[in-house]
Amino acid sequence: MSKPVKRLLRKLLPWTPALLAGGIVLVLAIAYSGIFNIAASAGHPAWLEWLLMLGKERSVIVNSKPVDVPELDFAELVPLGAAHFQGGCATCHRMPGQLLNPVYDQMLPPPPDLTIHAPMWTREQLFWMVRNGIQFTGMPSWSGHDRDDEVWAVVAFLEVLPSMKKEDYLKYANGNVNDEINTKNYPASRLASEGRPRINPNACDRCHDTGDSPPTSPYVPRLGGQDNAYLKRTLHEYHSNLRQSGFMEPIAVELDDEHINSLANYYASLTVPAGKTAQRPPSTGFELGRQLVEHGDLSRKIPACLSCHGANKRSDYPRLAGQSEQYIRQQLQVLQRGVRAKTPHGAIMTAIAQRLTEQQAEAAAAFFANQSPAGLKAEEGLRQ
Amino acid sequence: MRPAINSFHKTFCVMALLSITSCDGQQSVFTDLGPVSSQITLLMWIMFIGAALITVFICVLMAVSIAGPAGWRQKLTTEKNIIWGGIVFPVVTLTALLIYGFMVFKAGGTLAQAENPVRISVVGEQWWWRVIYRHGDGRITESANELRIPTGRPIEIELSTADVIHSFWIPAYAGKVDMIPGRTNLLHFIADKPGIVTGQCAEYCGGAHALMSFYTVAMTPSDYDAWLAKERANAKPALDSQGEQVFLSSGCGGCHTVRGTQANGKIGPDLTHAGSRQSLGAGILPNTTEGFAKWISQHKTLKPDNLMPPFDIFSESELQSLSAYLNSLE
């Protein structure tokens, strides 16, 4: 540096605190004056748009670096992700083959069409955005606390979304909902009084079993045949944010006691299909499962699963026979992480689940999945 | 400095008082209710009085060496005095004490040769006692958190542990013996007369170590035989089936056994005759319906980290009938 420049800098040095203070005052003055137009209708000037996009993209890329993809059957998760998308995301992000409601299109930034935008991101980055949301954009974070396991269903769906036709999408998003969307046969009078027929975003049938069909994904529990008291308790826990689920809480929060009672009655009364009984050849894993379910593991202080989940037990305990292997394993992992310890019932199972080895959890889940509810009852009866 | 000294004094006084309160009654090394513990008490008194006399003697010697007449002080420094007083005396005294100590140590061992001892196994668990009565016919009866013994007969207790090191100690009857993983230790003693005393885990075994206590009930041989026959029998059918229903349907039987019902869990204490015991929760609560209700609803605060899962799911009436049922298991 030349001497005159150095001399100038040295001269200015004592003024830097004053410059800083002046800068802060200026920013405060601009904010207070209200001259910056935050109207969504005003849009962003190009330079600001560029800056915000740069900041957002870099933030997603950098922050999603530590994300690890778990071993999950992504194909099996798609129906669950699609149904949640329909209930939670489609309002803003539009469903495939349909125009976005202009109200949501007027947001700034406008919610992106994910058939175009989802492929721009990696699996980890999609997870991070769905899990955490994005500031200043209206994108919320996942509403089930510590339920990262659920977020992967949405990621699985977003990955196949761009290749989906409208019919494919509707098939997945509809799930077990029977009402075919058929505007042609929809009389105008009904249209006039009820509006456009659409998938009820909160319908249970979109994921759960009906009298005729099983749940749409093995990651969705079968509700038919559960006890009334158990179903009621679970819905109340979801309703009051005691049990965490980004899928169930947004639905349960809108149910009142009457809804909850009638839903519990409905699912408790569903006849469960005869189902499978131990078709699997007795392998070592299967035997380990049977041992654990029927007798527990004294060395690890694990009681027999059937002491609570067998026949003739409390009606507010869940029945596990015939429940899917993936669902039981996932719930055991959630329990092991302590996510369900807030509810009294969850606290009991948390203590037990944390004593299970990974192998034991897998074996127990596999064993229960291969039992038919009726079969287990018969077995219990024989032993007594 | 003053406050510090004061608080030290206070602490010291409180501790001294505490140690005095433990000197009378149920859990005291001064209460010798059997031949083994009386030998230990005798050894203790010999050591205590001997140590006191030696201390006084040393104090006198020190006073003399500081302020005594010159002639005496001169004598104290001779080599002969140092050899006899400083080497020979301690060696002889300590050797004699050691031999005597070994003899006391063997006192229980000589009982081992006695014929027909009462054989009981006690397993230390975090933080309770599994008690197994071994019958003459090779069968066993499991119980928990209370020891019942007949008077006048040699008792042989087989001590083991399910987890960490515990130590089994009934001060009124015998010295403490450790329960060590992978080992079985034997303890022998005799109770002279009927009575109730307490025992305690005497080796730090985790957070709730201090809450791992138990009652020992010594009974006349005929009372004991009658009690054992009753303990061996299954639980009587519940008068009020509601409490039993809560117990069985809530999964309690996954960890606890009530013989005569479907409950056959082996993880926690056997509850077949839980209502007839002196205490609940290994010596920490009175054995009443209220005690059971308190244990079930608050055991995580009463005995932190204990392995029973929290059961905060019961309605008031369920808790009441469950507690009444457990209390009725006599």
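A residue is called buried if 20 or more other C-beta atoms, placed from the backbone, lie within 10 Å of its own, exposed if 12 or fewer do, and partly exposed in between. A:Thr210 has 17 other C-beta atoms within 10 Å and is therefore partly exposed. This is a predicted model, in which local features need pLDDT of at least 70, side-chain atom pairs count only at pLDDT 80 or more, and totals for chains, interfaces and linings use all residues. Residues are numbered from 1 along each chain as its sequence is written, and chains are lettered from A and ligands numbered from 1 in the order in which they are written.

A:Thr210 sits in the loop between helix 10 (188-194) and helix 11 (228-239) of chain A; helices are DSSP runs of H or I with at least four residues, numbered from the N terminus. Leaving out residues up to four places away in sequence, A:Thr210 touches A:Asn176 and A:Asp205, where contact means C-beta atoms, placed from the backbone, within 7 Å. A:Tyr267 is 57 residues from A:Thr210 along the chain, and their C-alpha atoms are 8.4 Å apart.

## Helices 16 and 17 of chain A

The axes of helix 16 (residues 325-336) and helix 17 (residues 344-353) of chain A come within 8 Å and cross at roughly 95°. The two helices of chain A are therefore roughly perpendicular to each other (65 to 115 degrees). Helix 16 of chain A contributes A:Leu332, A:Leu335 and A:Gln336 to the contact, and helix 17 of chain A contributes A:Gly346, A:Met349, A:Thr350 and A:Ala353.

## Chains A and B

Between the chains, 17 residues of chain A are in contact with 16 residues of chain B.

Conventions
Contact = placed C-beta atoms within 7 Å. Axes fitted to C-alpha atoms, helices over the stretch in contact; angles between N-to-C directions. Parallel < 35°, antiparallel > 145°, perpendicular 65-115°, else oblique.
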